[in-house]
Amino acid sequence: MIKEIALQGLWKNNPGLVQLLGLCPLLAVTTSVINGLGLGLATTLVLAGSNLCVSSIRNWVRPEIRIPVFVMIIASLVTTVELAMNAWFHDLYRVLGIFIPLIVTNCAIIGRAEAFASRNSPLPAVFDGLMMGAGFTLVLLVLGGIRELLGHGTLLAGANMMFGADTDITLHVLADDSGFLLALLPPGAFIGLGLLVAAKNVIDRRLELRRQALPAIGAAASQAG
Amino acid sequence: MGNSDARRPTLKSMAVAAGVLALFAVVGVGLVALTEDSTHERIDRNEREFLLRSLNDVLPGERYDNALFEDTIQVVDADLLGTNQPVTVYRARNNGRPEAVILAPVAPDGYSGAIRLLVGINYDGTLTGVRVVAHRETPGLGDAIEVQRSDWILGFDQLSLKQPPLESWAVRRDGGQFDQFTGATVTPRAVVKAVRNSLLYFERHRDALFADEASGAASDSEAASPLKNQQEDRPHSQSETHSESEND
């Protein structure tokens, strides 16, 4: 069960690559790894929190009002996270700006509330939220990494916004001014995400082929033997 | 009969549903209010620190000894400061003597909208520094005006309307002395113009800026009049807003 939930969130049913939910913040924020990490963590926090709340109240909220209740829970949580980020990660808050309130509109959150949390007990629900959030964060990180690397030639620039003023762990991978502008512009985000989705499909196909091939080989071997 | 039976529970369940919804609204609002209450001091402090950090980027903290936040006035000059909204002027003093001002003008003609700046000007009319506060220029092209991206903006330090002369206050493509960026001329042009206009504004209003009571509005007409001649000497080549400003 636990393994299945993790696998669903991180790979099989990844919100960014398979469900294609929350594309607006996903595409807009991923100009660098750190931006992606910040939004990913905030989204994960909201996902886990909303799944927990939704799951705990699932037995005494009538089905006909569940959606407005979910919306209210999610909106309150997002506002809380936004205020907390403004208070404790002010610089990052400045960068992520309007995308924090936009977590409310991330369909992945209400999607998980409806599809999973409202049908399961709190513990698996929280775990599902964490795994879905982790899957989303992973996509944000990879896409942010690709775009930052191609666009600025760096990785992890701006880590001081998250981890305090004296953590500069920027990696200058490519020479300065070698930026590939398209990667930073919105079309670059779409192309990057498209490539990631394609890559995932290719990997899935390979795995599937191998799975089909293995028993066949086994059968052939036993026949020959 | 079946109908009336079905109706009563529906009305009741509607009331219950409304009650549950209201309950969640109250809990949600309560949660947000509690968080707001426990974070707003910290957020205020963050905002102030951020502003002070930006101001100190433009004018080092050791240059003044007054409370920069309190010693401000609001001025309006749509032509030179780029917006018809009031622009904040921070006045830095040392031992009570005027030391410098920091203006927060707007470059209205960036490539994708207004660029908000902080411009620090010494009492003698030289620049202490310029920084971009907010912009929406193209990443990778126009965003070289950010100090994190390139040190182009540092090139303004110590310049004034005399050094270089007024006609050189333009990007190279327009015959001036400031570098444009590869692939982006509009952005640096807008910033150069806004900085130059801030200097012109300061030159015309300097004494009025320091004389006014804090948070009062600088009176435009008095301050402008002694410097009318200066205005007419200005070259015409530079831009439309510029020529409009000669009619004021």
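Buried residues make up 38% of the 225 residues in chain A, where a residue is buried if 20 or more other C-beta atoms, placed from the backbone, lie within 10 Å of its own, exposed if 12 or fewer do, and partly exposed in between. The structure is a predicted model, in which local features need pLDDT of at least 70, side-chain atom pairs count only at pLDDT 80 or more, and totals for chains, interfaces and linings use all residues. Residues are numbered from 1 along each chain as its sequence is written, while chains are lettered from A and ligands numbered from 1 in the order in which they are written.

**Chain A as a whole**

- Chain A has nine helices and two strands; these are DSSP runs, with helices being H or I of at least four residues and strands being E of at least two, numbered from the N terminus.
- The order of these elements along the sequence of chain A is α-α-α-α-α-α-α-β-α-β-α.
- The C-alpha trace of chain A spans about 70 × 60 × 30 Å along its principal axes.
- Of the contacts in chain A with a separation of 6 or more, 77% are between residues 24 or more positions apart; two residues are in contact if their C-beta atoms, placed from the backbone, lie within 7 Å.

**Helix 3 and its partners in chain A**

- Helix 3 (residues 33–56) of chain A packs with helix 6 (residues 107–115) of chain A at an angle of about 30°, and their axes are 9 Å apart. Axes here are lines fitted to C-alpha atoms, for helices over the stretch in contact, and angles run from 0 to 180 degrees between N-to-C directions.
- Helix 3 of chain A and helix 6 of chain A are therefore roughly parallel to each other. Angles under 35 degrees count as roughly parallel, over 145 as roughly antiparallel, 65 to 115 as roughly perpendicular and the rest as oblique.
- The crossing of helix 3 of chain A and helix 6 of chain A is right-handed. A crossing is right-handed if the near helix is turned clockwise from the far one by less than a right angle, and left-handed if anticlockwise.
- In this contact, helix 3 of chain A supplies Val46(A), Leu47(A), Ser50(A), Asn51(A) and Val54(A), and helix 6 of chain A supplies Ile109(A), Arg112(A) and Ala113(A).
- By class, the contact of helix 3 of chain A with helix 6 of chain A comprises five nonpolar, two polar and one charged residues. Ala, Val, Leu, Ile, Met, Phe, Trp, Tyr, Cys and Pro count as nonpolar, Asp, Glu, Lys and Arg as charged, and the others, Gly among them, as polar.
- The axes of helix 3 of chain A and helix 7 (residues 122–152) of chain A come within 8 Å and cross at roughly 165°; the two helices are therefore roughly antiparallel to each other.
- This crossing of helix 3 of chain A and helix 7 of chain A is right-handed, and the contact has 17 nonpolar, 14 polar and two charged residues.

**Helix 4 against helix 6 in chain A**

- Helix 4 (residues 66–88) of chain A and helix 6 of chain A pack at about 135°, with axes 10 Å apart, and are therefore oblique to each other.
- The crossing of helix 4 of chain A and helix 6 of chain A is right-handed.
- Phe70(A), Val71(A) and Ile74(A) of helix 4 of chain A meet Ile109(A), Ile110(A), Ala113(A) and Glu114(A) of helix 6 of chain A.
- The residues of this contact divide into six nonpolar, no polar and one charged.

**Asn106(A)**

- Asn106(A) is in the loop between helix 5 (90–96) and helix 6 of chain A.
- Asn106(A) is buried, with 24 other C-beta atoms within 10 Å.
- Not counting residues up to four places away in sequence, Asn106(A) touches Leu21(A), Gly22(A), Pro25(A) and Thr43(A).
- Asn106(A) and Pro25(A) are 81 residues apart in sequence, but their C-alpha atoms are 7.9 Å apart in space.

**Chain B**

- Chain B has six helices and six strands, in the order α-β-α-β-β-β-β-β-α-α-α-α.
- Buried residues make up 30% of the 248 residues in chain B.
- Among contacts in chain B between residues at least 6 apart in sequence, 53% join residues at least 24 apart.

**Where chain A meets chain B**

- In chain A, 23 residues are in contact with 18 residues of chain B.
- Helix 4 of chain A gives the most to the side of chain A that touches chain B, with twelve residues.
- That side of chain A has 13 nonpolar, eight polar and two charged residues.
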